[in-house]
Amino acid sequence: MSHATQKIVPNIWFNHDAEEAGAFYADALPWTTSEITYRYPAEAPDWQQDLVGTPLTIDVTIDGYILTLINGGPAFRPTPALSFMLGFDARKFDDDSDAMHAQFDKTWAKLAEGGRILMDVGEYPFSPRYGWVEDRYGVSWQLLVVGAESQSGPFVVPELMFSGAVQNRAREAAEFYASVFSDSKVGFLAEYPEQTGPATPGSVMFGEVKLSGGWLAIMDSAVEQDEPFTPAVSLEVSCADQAEIDRLWDALSAVPEAEQCGWLVDKFGVSWQIVPENMGDLLQREGAYAAMMPMKKIIIADL
């Protein structure tokens, strides 16, 4: 549970099939591995006792980018509000476009099997080849071919889609997040030139914000819909000390009743986990897991 090289790690909630999902992603996605990182401890509360010894978290590493899968139960299921963009770039395939397209096809077919196609593969103004699919576990993926004229970037980038109650607030969110996190800035923003569904002129058709050295994509929905952010996909932030935990907690938390075990919900509905960077080591201490369970904000000294 140590993610020293990645400050912000997306966490995805699963209904006790995270280990199966990790193996599925390792097969479906290129350059991907899956590893169990923590198991339910013996000191788990009574309602988790039947899970003791089973995997709690699984790290899926995709081309160096970490996603953590949580075996949490049936409480939450992902929505397309937070999806993962996969940028297929021929430069990552030794400029072999045939090999790149073959991998694109393989990944698309595997993710679509038992899932739901949201936008079918085709040519779009922003990409020569693109598709959006929700896999069998409810996780959304956007696959796109990166044009040779575009700058080469990371293979995996999480994207926030603002719709419903937070429609047309993508720019506000990007500016807010950039002000909260160090080593952050608002990057490229492409605006809607005219009213497009619920998206107003000047709202964000596609944009990006750099947060603590990593990139997050943002967009305002062009279709009338209400796909809210939920705790099913949260953003875990590894903090150096209690002072950083306190600062981020105070800046981000906007829904007091949602605060639990280091989790919070911000003013846009996005869930975050604000945790010590050595959380894995701390949880090895006797009684630490039990001490964490009733906490709202994590207090390191009490673990």
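Leaving aside its neighbours within four places in sequence, Ser-83 is in contact (heavy atoms within 4.5 Å) with Trp-132, Ser-140, Gln-142, Val-157, Pro-158 and Glu-159. The model is predicted: local features need pLDDT of at least 70 and side-chain atom pairs count only at pLDDT 80 or more, whereas totals for chains, interfaces and linings use all residues. Residues are numbered from 1 along each chain as its sequence is written, and side-chain values use heavy atoms, with hydrogens and water left out.

Ser-83 belongs to strand S5 (residues 82-88); strands (E, at least two residues) are DSSP runs, numbered from the N terminus. Its relative accessibility is 1%, so Ser-83 counts as buried, a term for under 20% relative accessible area with a 1.4 Å probe, protein chains only. The side chains of Ser-83 and Gln-142 are joined by a polar contact of 2.9 Å (a pair of N or O atoms within 3.5 Å, of which, within protein, one must be able to donate a hydrogen and the other to accept it; residues adjacent in sequence count only if both atoms are side-chain atoms).

Attention now turns to strand S4. Because seven of the seven residues of S4 (residues 65-71) are buried, this strand is largely enclosed by the rest of the structure. Tyr-65, Leu-67, Leu-69 and Asn-71 cover one side, and Ile-66, Thr-68 and Ile-70 the other, all of them buried.

Strands pair if DSSP finds at least two bridges between them. S1 (residues 8-14) runs parallel to S4, joined by four bridges, and Asn-11 has Thr-68 as its bridge partner in S4. S3 (residues 55-62) pairs with S4 in the antiparallel sense over six bridges; the partner of Ile-62 in S4 is Tyr-65. Two residues lie between the strands in the hairpin of S3 and S4, where Asp-63 takes a positive phi near 50°.

Note on methods: Buried means under 20% relative accessible area, exposed over 50%, partly exposed in between (1.4 Å probe, protein chains only).
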